[in-house]
Amino acid sequence: MDKQELISALIYDVALEHSAIIQYLYHIFLIPDPEIVSEIEEIARQEMRHLKWFGQKIVQLGGRVNLDRAEDMISIGNSVAEMLQNNVFAERKAIEVYSSHLELAKDDSVKRLLERVINDEKEHAEEFEKMLSSAKENPPQMEGSPAADESTIKILNEFLKEEYQLIINYLYQFFHAKNWEYRDIVMDLAIESMVHMGKIGEAIGEMGQMPDLSRIDFSEQKSSSLAEQVKKDLSMETLSKDRYSKELLQNHQESVRKILDFINKQEDYHRHRLMEFFKRMHRFTIGELNDG
Ligand SMILES: [Fe+2]
Ligand SMILES: [Fe+2]
Ligand SMILES: [Fe+2]
Ligand SMILES: [Fe+2]
């Protein structure tokens with residue numbers, strides 16, 4: 001495998017991790033059993049680290065990270081047992097793909113990474129098999145569908161997709177930006193957007209409804225300068241904050257209001273954080289010009 005082929009293989013590995021994360025998120029949102037959910041959450045967090053490591057390796061090799069997903073690899077399932085069975089398949093598929101990449105890779109550091117990840121996936125496959133056999137013995141019930149207000153679900157799903165889009169944007173910036181302070185900020189914002197996504201998705205699942213984690217636009221978000229990118233981020237955060245504020249004025253049930261209120265306050269801080277960085281960056285640039 002030459003360097004370009006290796007980069008392409010790693011881009012596919014990122015997509016595979018992304019797909020696994022989405023599949024597990026559906027399950028986290030839909031399965032009512034807290035024990036199963038916390039086990040899947042732990043595995044999903046590990047897949048996020050895998051995605052990050054594969055992405056960083058692509059950048060080190062001089063490639064560009066593509067944050068698309070392998071759509072055909074995502075299967076949700078209808079019962080808890082079916083979901084867990086799909087997860088066993090997903091882990092086995094990942095082991096197969098990474099093993100084939102390991103065989104072809106010549107780069108030592110990539111090989112070490114693949115070996116490490118394959119070892120994790122083997123552990124995951126075993127964990128899912130164990131969960132599956134106990135779910136078969138003692139089938140957990142899926143949540144019934146309490147009467148949910150359709151317009152509330154629609155709004156929550158819109159927020160869910162917006163947070164998803166923001167996460168993809170921030171992760172992309174994290175991989176490719178050069179400024180360390182900005183990279184630190186976008187990683188924080190990505191993680192907090194994941195928390196928002198989690199709260200909203202759980203709320204939808206608790207209402208017995210289907211969270212919408214369908215594919216979004218993954219086209220590359222290249223900006224001509226860091227200042228321009230920060231401006232874009234700021235306008236997205238402002239839009240997001242305004243939408244949460246607007247919904248808080250509506251007549252939502254208490255549990256939904258609480259979530260919206262919590263997120264709304266964090267969005268305010270996100271905007272503030274970017275604004276502060278933008279001002280500092282601007283001052284720095286002007287200072288530099290004056291020195292000359
Ligand atoms: Fe993984
Ligand atoms: Fe895994
Ligand atoms: Fe958010
Ligand atoms: Fe935000």
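## Packing of H3 and H4

In this predicted model, helices H3 and H4 pack with their axes 8 Å apart and at an angle of about 160 degrees. Because an angle over 145 degrees counts as roughly antiparallel, H3 is roughly antiparallel to H4. The crossing of the two helices, H3 and H4, is left-handed.

H3 covers residues 80-104 and H4 covers residues 108-137.

## Domains and their contact

The domain assignment divides the chain into domain 1, residues 1-142, and domain 2, residues 146-292. Taken over C-alpha atoms, the centres of domain 1 and domain 2 are separated by 25 Å.

Where the domains touch, 15 residues of domain 1 are in contact with 13 residues of domain 2. On the domain 1 side, the elements that give two or more residues are H1 and H2. H1 gives the most to that side, with five residues.

## The largest nonpolar core

The largest nonpolar core has 69 residues. Those with the most contacts inside this core are Tyr24, Leu25, Ile167, Tyr170, Leu171 and Ala190. H1 gives the most, with 16 residues. At least three residues of the core are drawn from each of domain 1 and domain 2. In soluble globular proteins, nonpolar side chains tend to be buried together.

Leu25 is one of the residues with the most contacts inside the core. With its neighbours within four places in sequence left aside, Leu25 is in contact with Ala44, Gly201 and Leu213.

## Lys161 in H5

Lys161 is found in helix H5, which spans residues 150-176. Is Lys161 buried, exposed or partly exposed? Lys161 has 17 other C-beta atoms within 10 Å. A buried residue needs 20 or more and an exposed one has 12 or fewer, so Lys161 is partly exposed.

Which residues does Lys161 contact, leaving aside its neighbours within four places in sequence? The contacts of Lys161 are Asp212 and Ile216. Lys161 and Met197 are 36 residues apart in sequence, while their C-alpha atoms are 8.2 Å apart in space.

Notes
Residues are numbered from 1 along each chain as its sequence is written. Chains are lettered from A and ligands numbered from 1 in the order in which they are written. This is a predicted model: local features need pLDDT of at least 70, side-chain atom pairs count only at pLDDT 80 or more; totals for chains, interfaces and linings use all residues. Helices (H or I, at least four residues) and strands (E, at least two) are DSSP runs, numbered from the N terminus. Two residues are in contact if their C-beta atoms, placed from the backbone, lie within 7 Å. A nonpolar core is a set of buried Ala, Val, Leu, Ile, Met, Phe, Trp, Tyr and Cys residues joined through C-beta atoms within 7 Å. Domain bounds come from an automatic or database domain assignment. Axes are lines fitted to C-alpha atoms, for helices over the stretch in contact, and angles run from 0 to 180 degrees between N-to-C directions. Angles under 35 degrees count as roughly parallel, over 145 as roughly antiparallel, 65 to 115 as roughly perpendicular and the rest as oblique. A crossing is left-handed if the near helix is turned anticlockwise from the far one by less than a right angle, and right-handed if clockwise.
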